[in-house]
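Open the model in your viewer and keep the selection tool at hand. Each stop below says what to pick next and what is there.

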Amino acid sequence: MDWYIVYKGRSVRNTLQENLRQAGLKYFTPTRIVEKYEGDRMVEREEPVLNNLIFIQTDGDISQLVGTIDGLRSPYLDRCTGRPAVVRDCDMQRFKQFLVVKNMHVRFLPDNIERFSACPKVRVRAGDFEGVEGYAFRIRGDRKVVIALGNMAVAISGIHHSLLEYV
């Protein structure tokens, strides 16, 4: 089964998860642990990586599903095809592995991965992301590795440039 990216309402996290559970659907909300100061002490807090997106696994029509479950707004569309964006299960599992790394930031880019094909292709030589291939790209002066998530592009920061090799 494939995964679909769907927009959700901002304040419906808990009720939406319950609605999806009742419908018997597998879903994934990407989160990360962030350290913040509260007063004079450091506190770890779980925050969403993508504020208004959720991933839903189904083999049915995602557009009809969105209309039946309260809290879902609309499917995220692939800009090239104009159809709901699809993420293969193997790509989704790899994406989940990236999210467990601390001090790493993920940025979901609205562009198709093919937009970055003119950028230098790189492979991570060591560390948590060893073997990952993507494109070196600068966003606001910060070097990121852009990888494919289906046809979508995801930028990962926190990988030191010395760990990259050009392929």
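Which residues of β12 are buried on one side, and which on the other? Met152, Val154 and Ile156 lie on one side, and Ala153, Ala155 and Ser157 lie on the other. Both faces of the strand are covered. Keep in mind that this is a predicted model.

**Stop 1: strand β12**

Select residues 152-157, which make up β12. Six of its six residues are buried, so the strand is largely enclosed by the rest of the structure. The cut-off for buried is under 20% relative accessible area.

β8 pairs with β12 over six bridges, in the antiparallel sense. Pick His105 and look across: its bridge partner in β12 is Ser157. Then pick β11, residues 142-149. Five bridges join β11 to β12, and these two strands also run antiparallel. Ile147 has Val154 as its bridge partner in β12. Ala148 stands opposite Ala153.

**Stop 2: the whole sheet**

Show the other strands. The open sheet has six strands, in the order β8-β12-β11-β10-β9-β13. The pairing is antiparallel. Strands of a sheet pair through backbone hydrogen bonds, either parallel or antiparallel.

Where are the edges? Select 105-112 for β8 and 164-166 for β13. Each of these two pairs on one side only. Look along the sheet to see the twist, which averages 45° from one strand to the next.

**Stop 3: helix α3**

Select residues 89-99, helix α3. The helix lies across β8, β11 and β12. Its direction is at about 150° to β11.

Pick Asp91, which is found in this helix. Is Asp91 buried or exposed? At 11% relative accessibility, Asp91 counts as buried. Leaving out residues up to four places away in sequence, Asp91 touches Leu149 and Gly150.

Next, pick Phe95. Beyond its neighbours within four places in sequence, Phe95 is in contact with Phe28, Pro30, Phe55, Val106, Leu149 and Val154.

**Stop 4: the nonpolar cores**

Which members of the largest nonpolar core touch the most other members? They are Ile5, Phe55, Phe95, Phe108 and Phe129, out of 30 residues. Colour the elements that give two or more residues to this core: β1 (2-8), β5 (53-58), α3, β8, β9 (121-124), β11 and β12. The largest share, four residues, comes from α3. A second, separate core has 13 residues, including Tyr4, Leu20, Ile62 and Ile69.

In soluble globular proteins, nonpolar side chains tend to be buried together.

**Stop 5: aromatic pairs**

How many aromatic pairs are there? The count comes to four. Select Tyr7 and Tyr76: the ring centres are 5.7 Å apart and the planes stand at 40°, so the pair is tilted. Tyr7 lies in β1 and Tyr76 in the loop between β6 and β7, so the pair ties together parts 69 residues apart in sequence. Tyr7 is partly exposed, with a relative accessible area of 24%. Tyr76 is buried, at 7%.

Move on to Phe28 and Phe55. This pair is also tilted, at 6.3 Å centre to centre and 40° between the planes. Phe28 is in β2 (residues 26-28) and Phe55 in β5, so the pair ties together parts 27 residues apart in sequence. Both are buried: Phe28 has a relative accessible area of 17%, and Phe55 has 0%. Ring pairs link Phe28, Phe55 and Phe95 into a cluster.

**Stop 6: Pro84 and the cysteines**

Find Pro84 in the loop between β6 (72-75) and β7 (86-87). Pro84 is partly exposed, with a relative accessible area of 24%. Residues up to four places away aside, Pro84 touches Tyr4, Ile62, Ser63, Pro75, Tyr76, Leu77 and Asp78.

Last, select Cys90 and Cys119. Cys90 counts as partly exposed at 48% relative accessibility, while Cys119 counts as buried at 17%. The structure holds zero disulfides.

Methods
Residues are numbered from 1 along each chain as its sequence is written. This is a predicted model: local features need pLDDT of at least 70, side-chain atom pairs count only at pLDDT 80 or more; totals for chains, interfaces and linings use all residues. Side-chain values use heavy atoms; hydrogens and water are left out. Two strands pair if DSSP finds at least two bridges between them. Axes are lines fitted to C-alpha atoms, for helices over the stretch in contact, and angles run from 0 to 180 degrees between N-to-C directions. Contact means heavy atoms within 4.5 Å. Buried means under 20% relative accessible area, exposed over 50%, partly exposed in between (1.4 Å probe, protein chains only). A disulfide is a pair of cysteine sulfur atoms within 2.5 Å. A nonpolar core is a set of buried Ala, Val, Leu, Ile, Met, Phe, Trp, Tyr and Cys residues joined through side-chain atoms within 4.5 Å. Rings of Phe, Tyr and Trp (its six-membered ring) pair if their centres lie within 6.5 Å; planes under 30 degrees apart count as stacked, over 60 as edge-to-face and the rest as tilted.
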